[in-house]
Amino acid sequence: MSQGLSNGYAISDPSEALKKPSTATELGRVADCNLDDFKEAIQSAYDAQPKFFYNTTGKQRGDLLRKWHDLIIANQDDIALILCLENGKTLAEATGEVVYAASFISWFAEEATRSYGVTIPSSYPNTALSTIKEPVGVCGIITPWNFPAAMITRKVAPALAAGCSVVIKPPSETPYTCLALTKLAVEAGLPPATFQVCPTKDRQAATELATNPLIRKISFTGSTNVGKMLAKLAAGTLKRTSLELGGNAPVIVFNDADIDAAVEGTMFSKFRCTGQTCVCANRIYVQSGVVKEFTEKLVARVSKLKVGSGLDPSTTQGPLVNAAAVKKIHEHIGDALSKGAKVEFGGIPEGYSTNNGFYCPPTVMSGVTASMIVANDESFGPLAPIFEFGTEEEVLQLANDTEFGLAGYFFTRDIGKAHRVAQRLQVGMVGVNTGKISAAEAPFGGVKESGYGREGSLYGLEEYQTIKSITVAI
Ligand code: SIN
């Protein structure tokens, strides 16, 4: 049974053991909230939300967020250690993620004060027409394990800045980082009842969030299948939804590219978080004139990666999140090999074991084609498949031939081509001559079946607001 919801935590029966990806051994246990806990948390957030909004100005909410930001930065080493242990990413990457997570809070602390309405010339005589922005209400927040800190703050900070309350279902694989962030939020003075966290392994919890009439908005980052299901469920009560879903990002290297820069950009995009980001390069298209040079240089860089525990400072590639993630890469490699691709570096030997940690050898393959599984399915791991192409037209056709449209990257020195290809890639985010596109100020989100809504940036706040028009006879 749940207790203590007034302090923002649901305490329920402990879950089964969570595993450390680096050793495949027990990390710990957290509360495993049931549906009654969720209902109670939603009711508590619902009761708290109007008080929070009406009793604070945008500036005051911004001040609270800034305090939360400062506490996170002051405790970044501890949070990074928790994140590293539960997710597996290296301590350096975990620290980077904590700072990245905090940057969304400081960004929305500023945005909280810039929530403008407008005045509109009315067509009626003696009438004043204006708009104000109001919070949507209680928000159900469902986040993934690959960014246990940043995906929480990218959603929760704008929600709180707008004056909403939140009920968070943190990822069942990585709940501890969220709990640590919550503790600091409460310490910063954010009203606990506006910030509900319910760790759970119960898959029905997401259904409860998406169907409970007290919830007015769902923000979800995760798979396209789950996103579609949530959108259908949320439609029953016409909730607002923001969906940041799967990707299948192309990287395109043209003959005229700076190949060293293309290799560096590909390394960042492909191997950040051991290939477990939804904006990771999934298909690497290289034009015929530079395919040999690019492949050799990429292999040289990949051969320097060091796989190991994230706690070891020399590690560059931590483990994957679980054994199933390694198995998926194995299957992608096997399928590509059976259809004529070649392993240029790495590969997973038969009988490879994940009993002592979910490690996955970084792998580069050449001769990959559109008929192979990896062309259509997000690997979500350290597999770099190289496809050779001839012309710009051909590669645009290949790159856009997917139901996904989250991120895309390309490398060229031709300014005209840079603008043309950026326009024609069917994605929500483009990196030109860079693999690094994520930042608090950059709109994050996709097109097609990668979802809708934008996080971060000047657009992120309005995802949690409604516009009210006020007509006054004067
Ligand atoms: C994600 O993988 O969902 C987020 C990646 C990012 O913020 O760069």
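Guide: In this predicted model, Ser-130 has Ile-470 of β18 as its bridge partner, strands being DSSP runs of E with at least two residues, and helices runs of H or I with at least four, both numbered from the N terminus. That pair belongs to the contact between β4 (residues 127–135) and β18, which run antiparallel and are joined by 9 bridges, where two strands count as paired if DSSP finds at least two bridges between them. Strands of a sheet pair through backbone hydrogen bonds, either parallel or antiparallel. Here the open sheet has 3 strands in the order β3-β4-β18, with antiparallel pairing, and its edge strands, β3 (119–120) and β18 (465–473), each pair on one side only.

Residues are numbered from 1 along each chain as its sequence is written. Because the model is predicted, local features need pLDDT of at least 70 and side-chain atom pairs count only at pLDDT 80 or more, while totals for chains, interfaces and linings use all residues, and side-chain values use heavy atoms, with hydrogens and water left out.

Turning to the whole, the protein chain comprises 14 helices and 18 strands, and its C-alpha atoms fill a box of roughly 70 × 60 × 40 Å along the principal axes. Buried residues (under 20% relative accessible area, with a 1.4 Å probe and protein chains only) make up 56% of the 474 residues. Among contacts (heavy atoms within 4.5 Å) with a separation of 6 or more, 73% are between residues 24 or more positions apart.

Definitions and conventions:
Buried means under 20% relative accessible area, exposed over 50%, partly exposed in between (1.4 Å probe, protein chains only).
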